Amino acid sequence: MMGENMKNRLVLMAVCLWGIAGLSNAAVPEKVTPALAKEKGCNSCHEGIEDIRDPKSAMMMQIKAIGGGHGDPNGCVVCHGGNPQGLTKEEAHKGSPKGLKEGAGPKMFYPDPGSVWIADNTCGQCHQGYPYRLERSLMNTEAGKLQGNLHTWGIEEVQNYKVPWGNYDVKDTDGPVPQVGTDAYKQYMKDMMAVHKEQFPTELKMVPQPSVEEIEKDPKLAGFTYSRQQCQRCHVAVNGREKRGDYRGQGCSSCHIPYGNEGLYEGNDPTIDKTEKGHLMTHKIQATREAKVKHGDIEYSGIPVETCNSCHNRGKRIGVTYQGLMEFPYGSPFDAQGNTQPKLHTKKYLFISDDLHHQIQSRPENPKGGLLCQDCHTTIDMHGDGNIFGTTLAQVEIECQDCHGTPDTYPWDLPLGYSEEFAKKLSDKGRGLGSTLLSETAAFATPYEKRDGYLLTARGNPFGNVVKDGDKVIMHSATGNDFEVPVLKQMAVTNTWKSPDAMVAMSKVEKHNDSLECYACHASWVPQCYGCHVQVNYGKDKKGQPYTDTDWIASGNKRFPDGSTAESAIGSSGIKSPGKVFEKRSYLRWEEPVLGINGEGRVTPLMPGCQIVYTVIGRDGETVALNQLGKSYDEQKMLGQSRVPDAIDMAPVQPHSAQRKARTCESCHNNPKALGYGISGGVFQARYPEDIVEDLIDQKTGKVIPKNYQIQIPKIADLDYDWSTIIKDDQQVQTVGTHWPLSRALPKEIRTAMERTGLCMGCHREMSNTELWSKVAEDGQLNDEQHIELMNKMLKSYAEMMKK
């Protein structure tokens with residue numbers, strides 16, 4: 001149990017995360033009198049605003065008690081600051097109330113106390129260490145995204161796995177030992193960082209922006225404009241894009257304050273315009289199972305998946321994929337008014353199949369509803385541990401086997417590091433169970449009875465919400481539901497496999513467990529956006545004005561004392577930089593993803609990462625680079641091959657699209673695409689290196705007959721393969737991952753062992769041999785199950801024959 005001091009500090013934090021910006025004066029009283037201010041404090045104007053927590057909760061009652069001591073019976077000033085006795089908006093939103101002790105609240109008015117730039121004065125009053133950790137986490141630095149994207153443009157500074165840049169200048173000032181975690185975790189991370197120095201930088205510099213003159217001389221430098229204007233909007237230090245589905249707060253408020261997709265306020269604060277987009281949905285904190293959010297007739301707990309998707313809808317798209325969505329251009333079907341879909345995250349979507357962990361209440365196989373992102377992902381996964389991470393694999397500490405185990409080993413008997421071996425030999429010692437929670441979990445999360453013990457992550461931290469209970473594993477979801485986790489060894493012991501295929505793939509073929517990620521099979525679909533055609537135009541628009549667009553890095557680095565940044569105000573576009581980005585793609589797929597090796601050394605699905613082919617137009621409107629590809633000289637050196645792979649990236653991914661019915665054996669072992677040879681073996685789309693003209697053609701000579709014609713499909717000179725091809729003539733032609741040395745296409749020895757294309761010919765080439773066929777075949781046709789049984793019978797007969 002936490003002490004009273006910690007409780008009081010938690011109370012101080014409770015109002016920190018309002019995240020409101022752009023207040024309207026529409027319903028503010030004409031005049032606030034001293035008597036009214038003394039009676040109601042901030043509610044002199046904000047009468048009706050929702051309590052940040054349940055008014056009957058001990059936390060909310062203590063909030064009001066503390067606020068009352070400072071002239072604000074609702075406690076707003078504790079985190080928002082301001083002066084509750086102010087008689088005008090200007091007076092109220094300035095300074096702190098008299099008598100507020102040093103360290104007991106902010107020293108000025110903060111419109112969004114969650115902002116990472118002032119969180120030490122607000123959220124950090126109670127959540128000490130969190131602001132430091134969050135500032136260095138990937139949610140803020142986006143260092144891995146920057147490195148991966150710029151690598152595809154051929155930027156030399158990020159080759160050889162180097163991570164020099166982030167969104168902001170930041171240093172790891174306290175050394176390599178994590179601020180949080182068990183002793184086992186801290187030792188694990190210390191050892192990991194010693195081996196992988198490039199993936200754990202100790203300092204990041206703000207990503208630069210070359211001048212347009214420099215870009216015109218070296219067009220690949222337009223990649224910096226692309227990153228700063230497009231890719232970097234999804235970090236927590238800024239509010240992000242004002243588009244449907246993308247509305248959110250800053251810093252802590254990015255996740256912990258609910259914003260609806262429409263960006264409209266639906267509460268009762270009379271000062272907030274309910275027709276203006278860009279506001280929080282309600283003045284509530286969403287966090288744990290205990291922190292109930294009451295909104296209208298609905299009460300929920302935890303952080304909804306769509307909150308995460310205000311960012312996780314681009315790049316690897318894991319958020320929308322988890323919901324079963326993949327973008328597509330058509331927007332069908334029509335609605336009752338004859339309209340296509342409204343855009344969400346600036347895209348239209350096709351529903352494929354949501355991740356089995358997400359599947360909603362309407363599904364008969366999952367009547368309780370699905371899991372939230374936070375149910376699996378830990379505080380370190382999201383907030384960091386105080387170190388700087390250069391890539392997702394550096395920060396995320398969980399693996400599927402942490403809860404499910406393997407067919408021959410329970411989760412608690414697996415060694416630390418299982419399934420993220422990074423080619424190292426693991427200890428034979430089982431990780432065991434946790435008996436105590438991390439202090440952060442004990443203080444701020446919903447506590448659950450440990451039963452036999454808390455399951456541990458692959459790096460040695462306890463899952464506070466996953467416990468062993470006899471021969472069962474129970475996950476406690478922040479939604480309020482509890483789930484029994486399927487434990488693979490228990491299924492093997494009790495022979496309760498869901499199908500013979502599952503039993504064979506997981507229990508009989510041991511190599512699968514040793515070398516595959518679970519989702520190599522279970523992620524039977526992955527969003528695949530092939531070919532990212534980027535035009536960066538530094539010329540002029542149709543009105544004759546130079547192209548510009550929001551620079552999210554410049555905007556985030558323009559900070560004000562109240563925690564806001566240049567783009568925080570509703571309707572603001574922030575600081576703009578020269579140039580504007582236009583994007584197109586080649587084609588979309590979702591079925592049967594390509595397989596490769598990830599940074600941990602395991603077989604994994606791949607997806608088109610940044611398959612950049614760039615065109616750059618200069619200030620005079622002239623094209624200075626047309627359909628160019630970057631080159632991966634570091635990849636060539638690592639692979640030791642003669643061909644320089646193109647920098648376009650097929651990225652290893654945990655796609656968050658796991659299905660109960662895994663992909664079939666044939667979809668890998670009898671599939672050229674899965675092996676890396678491209679769709680149908682790479683026989684299609686073979687004319688990229690030439691301009692294609694579709695007109696009257698002399699079929700004998702191939703010459704175009706009309707004198708007036710246009711090029712229908714411009715060439716990409718260096719692209720002599722289909723976008724889905726990563727192996728051609730036994731050499732890797734694309735980059736496969738940019739962050740870790742082990743990531744690559746499937747090596748030849750694995751492809752040789754896997755490939756079983758054409759096995760049907762072993763029997764069916766004899767179908768015309770009526771004499772032979774009559775001895776083994778029966779009348780009629782065999783179904784799949786009968787085929788399998790016949791093959792099994794033949795194998796056993798052959799074994800008996802060999803004995804003789």
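**Local geometry, helix packing and ring contacts**

Pro 333 is placed in the loop between strand S6 (325-327) and strand S7 (349-351). In this predicted model, the peptide bond that joins Ser 332 to Pro 333 is cis, with omega at about 0°. Such a bond is worth a look, because most peptide bonds are trans, just as most residues other than glycine have a negative phi.

Glu 142, which is not a glycine, has a positive phi of about 50°. Its place is in the loop between helix H8 (138-141) and H9. With a relative accessibility of 5%, Glu 142 falls under the 20% limit and therefore counts as buried. Asn 495 is another residue other than glycine with a positive phi, in this case near 50°. Asn 495 belongs to the loop between helix H21 (488-494) and helix H22 (500-508). Here the relative accessibility is 59%, over the 50% limit, so Asn 495 counts as exposed.

Helix H9 comes next along this part of the description. Of its 10 residues, 9 are buried, and the helix is mostly covered. The buried set consists of Ala 143, Gly 144, Leu 146, Gln 147, Gly 148, Asn 149, Leu 150, His 151 and Thr 152. After H9 comes Gly 154, with a positive phi near 85°.

Which helix packs with H9 at an angle of about 145°? The partner is helix H12 (residues 222-229), and the axis of H12 lies 9 Å from that of H9 (residues 143-152). The two helices cross in a right-handed sense. On the H9 side the contact is made by Leu 146, Asn 149 and Leu 150, while H12 brings Gly 223, Phe 224, Tyr 226 and Ser 227. By class, the residues of this contact comprise 4 nonpolar, 3 polar and no charged.

Trp 153 and Tyr 614 are both buried. Ring pairs also bring in Tyr 226, linking Trp 153, Tyr 226 and Tyr 614 into a cluster.

A second pair, Tyr 688 with Trp 723, is edge-to-face, at 5.9 Å centre to centre and 75° between the planes. Tyr 688 and Trp 723 both lie in the loop between helix H28 (672-675) and strand S21 (727-728), 35 residues apart. Tyr 688 has a relative accessible area of 13% and is buried, and Trp 723, at 0% relative accessibility, counts as buried too.

Charged side chains meet rings as well. The charged end of Arg 133 sits over the ring of Tyr 130, at 4.5 Å from its centre. Arg 136 lies over the face of Tyr 132, and here the distance to the ring centre is 3.5 Å.

Two further buried positions complete the survey. Asn 309, in the loop between helix H14 (305-308) and helix H15 (318-322), has a relative accessible area of 0% and is therefore buried. Beyond residues up to four places away in sequence, Asn 309 touches Gly 245, Gly 319, Val 320, Gln 323 and His 345. Met 607 is found in strand S17 (residues 603-608) and, at 1% relative accessibility, counts as buried. Apart from neighbours within four places in sequence, Met 607 is in contact with Gly 315, Lys 316, Arg 317, Val 526, Pro 527, Asp 649, Met 650, Ala 651 and Val 653.

Note on methods
Residues numbered from 1 in each chain as written. Predicted model: local features only at pLDDT ≥ 70, side-chain atom pairs only at ≥ 80, totals over all residues. Heavy atoms only, no water. Axes fitted to C-alpha atoms, helices over the stretch in contact; angles between N-to-C directions. Helix = DSSP H or I, 4+ residues; strand = E, 2+ residues; numbered from the N terminus. Left-handed = near helix turned anticlockwise from the far one by under 90°. Contact = heavy atoms within 4.5 Å. Nonpolar A, V, L, I, M, F, W, Y, C, P; charged D, E, K, R; others polar. Buried < 20%, exposed > 50% of the residue type's maximum accessible area, 1.4 Å probe, protein only. Phe/Tyr/Trp six-rings, centres within 6.5 Å; stacked < 30°, edge-to-face > 60°. Lys NZ or Arg CZ within 6 Å of the ring centre and 35° of its normal.
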